[in-house]
Amino acid sequence: MAPAAGAPIVALGEDLLREVFIHLPASADLLRAAAACKPFLRAARSAPFLRRFRRRHPSCPRLLGCLLLYPNRRSGKSQFVPISASSSPSSSSSSSSSAAAAADRGDFALSFLPGGGWLGLGAATWKHLDCRNGRLLLENLRTHELAVADPISRRYVSLPAPPAGRAVGYGLFTDDGDKSEFRVVCVSRDAASPELRALVLASGELSWADVAGIACQPNLAVGSRVMQANRSLYWRLEGGERMVAFSTASMELSVLDLPPALRDLRFDAMDRGKEEDANVLHLLTMTGYRIEVWAGTADGDGGMAWRQVEKSLRFHKALTEIIDPSLESYERIDPSVQSYRDDIDVIGVVAGLVFFRKWTHIFTIDLETMKLKRLPKADCLGALIYPYTVAWPPSLLNPAEQDKRLM
């Protein structure tokens, strides 16, 4: 029987409302819909739905800029480089201005931490370990206690140091359906042990649990940046031929072979956005001034079958025009310059943008439009660079912060 004329759309029920909401073009549209009435808000405040929305919309959450961390204290411990409205894909002027206002309010020097944050002296010095979903994972260099800090809200949570053992890597996993939930993963090895162990601390318990181990002789590669995709964390291993993966769903460690083409290149793991790709690991790199995307699936024998699924046009001409047009003519005269042409450092893939460094410049490429942009000029030589986003989902949609009066 057809519904009566003028029947409210809320009569669809929460499941059908979510099917409508999933097709909204941007996260700002979801916020506006959720604010329309209490039934819409209840439908949108579902952690599984928010994870699904985040996967379908790679450009959310909002991108604020890049955090630059310097190893040399004399040059300062941190610098924040904002993203302009024209550098962020699918961003309205209002959302971009609100993102800029949020960045202005943030304390990226972390002066709210005990001892004064990055610029603290002696025992107060904090070491950066990871950056994810608007939060930073840090370690106190004296006590080895950890902290998860939010520069925008200027709040932090103190965490206990991991149990005895030699920590060789850390990762911060954030749930993109529940802003309040996070997990810290410590990859550890006891002296002379052939095993890597995974220890996990959940934000709701704040205690460590030894959950998994795997025989693996190589350690994590020096300077290996932890990657996150498909609800798993990944670290590259020494030698560049393999990486170790930790699944937050199964709480298991595994070792994955990398495709030979990526073993000497910088890359990042990425979520593709399509729900059918949730079980396929995608890695993005740049070589020959082209973006390449590789897809890996389990081959049934404990290994990975890799195939190249995308290859973009070359960005060399556009890069040289932005940096210095004279470089193009100089290469024709001195072929030795060719050895420097592929020196590209892939920083990461965040909010639909590829971030990479070329010499002392930071660039983005919009994966939808393939437009190349250079970030505002900053001295990034020797800096560790992390793209920085507003924490997702916003407090309005956070399932853990529901107002019981709305239920």
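Where is Arg 231 found, and which residue forms a salt bridge with Arg 231?

Modeller: This is a predicted model, so local features need pLDDT of at least 70 and side-chain atom pairs count only at pLDDT 80 or more, while totals for chains, interfaces and linings use all residues. Residues are numbered from 1 along each chain as its sequence is written, and side-chain values use heavy atoms, with hydrogens and water left out.

Arg 231 sits in the loop between β11 and β12. Helices (H or I, at least four residues) and strands (E, at least two) are DSSP runs, numbered from the N terminus. The phi of Arg 231 is positive, near 60 degrees, and this residue is not a glycine. Most residues other than glycine have a negative phi, and most peptide bonds are trans.

The partner is Asp 175. The two residues form a salt bridge, with the closest N and O atoms 3.9 Å apart. A salt bridge here means a side-chain nitrogen of Lys or Arg within 4 Å of a carboxyl oxygen of Asp or Glu. The pair links distant parts of the chain, 56 residues apart. Asp 175 is in the loop between β7 (166–174) and β8 (182–189). Arg 231 is in the loop between β11 (227–229) and β12 (232–236).

Are these two partners buried or exposed? Asp 175 counts as buried because its relative accessibility is 1%. Arg 231 has 30%, so this residue counts as partly exposed. The cut-offs are under 20% relative accessible area for buried, over 50% for exposed, and partly exposed in between, using a 1.4 Å probe and protein chains only.

Now the other salt bridges. The count by this rule is 16. One of them joins Arg 197 and Glu 195, with 3.2 Å between the closest N and O atoms. Both ends are partly exposed: Arg 197 has 25% relative accessibility and Glu 195 has 30%. Another salt bridge brings together the side chains of Lys 311 and Glu 292, 3.8 Å from N to O. Glu 292 counts as buried because its relative accessibility is 6%. Elsewhere, salt bridges that share partners join Glu 14, Asp 15, Arg 18 and Arg 42 into one network.

Back to backbone angles. Asn 133 also has a positive phi without being a glycine, at about 50 degrees. Its place is the loop between β3 (126–132) and β4 (135–140). Asn 133 counts as buried because its relative accessibility is 13%. Arg 154 has a positive phi of about 60 degrees and lies in the turn of a hairpin formed by β5 and β6, with four residues between the strands. These strands, β5 (residues 146–150) and β6 (residues 155–159), run antiparallel and are joined by five bridges. Two strands pair if DSSP finds at least two bridges between them. Leu 146 stands opposite Leu 159 in β6.

Two cis peptide bonds deserve a look. Cys 60 and Pro 61 are joined by one, with omega about 10 degrees. Pro 61 lies in the loop between α4 (47–56) and β1 (63–69). Trp 392 and Pro 393 are joined by another, with omega about 0 degrees. Pro 393 lies in the segment after β23 (384–389).

On the surface, Leu 12, Leu 16 and Val 20 form a nonpolar patch with about 240 Å² of accessible area together. Patches take residues with over 30% relative accessible area and no salt bridge, joining like charges within 9 Å and nonpolar side chains (Val, Leu, Ile, Met, Phe, Trp, Tyr) within 5 Å. Areas come from the Shrake-Rupley method with a 1.4 Å probe, and for residues only the protein chains shown count as cover. Leu 16 is in helix α1 (residues 14–21). Its relative accessible area is 46%, so Leu 16 is partly exposed.

Last, the whole chain. There are seven helices and 23 strands. Of the 407 residues, 49% are buried. The accessible surface is about 19400 Å², and 52% of that belongs to carbon and sulfur atoms.
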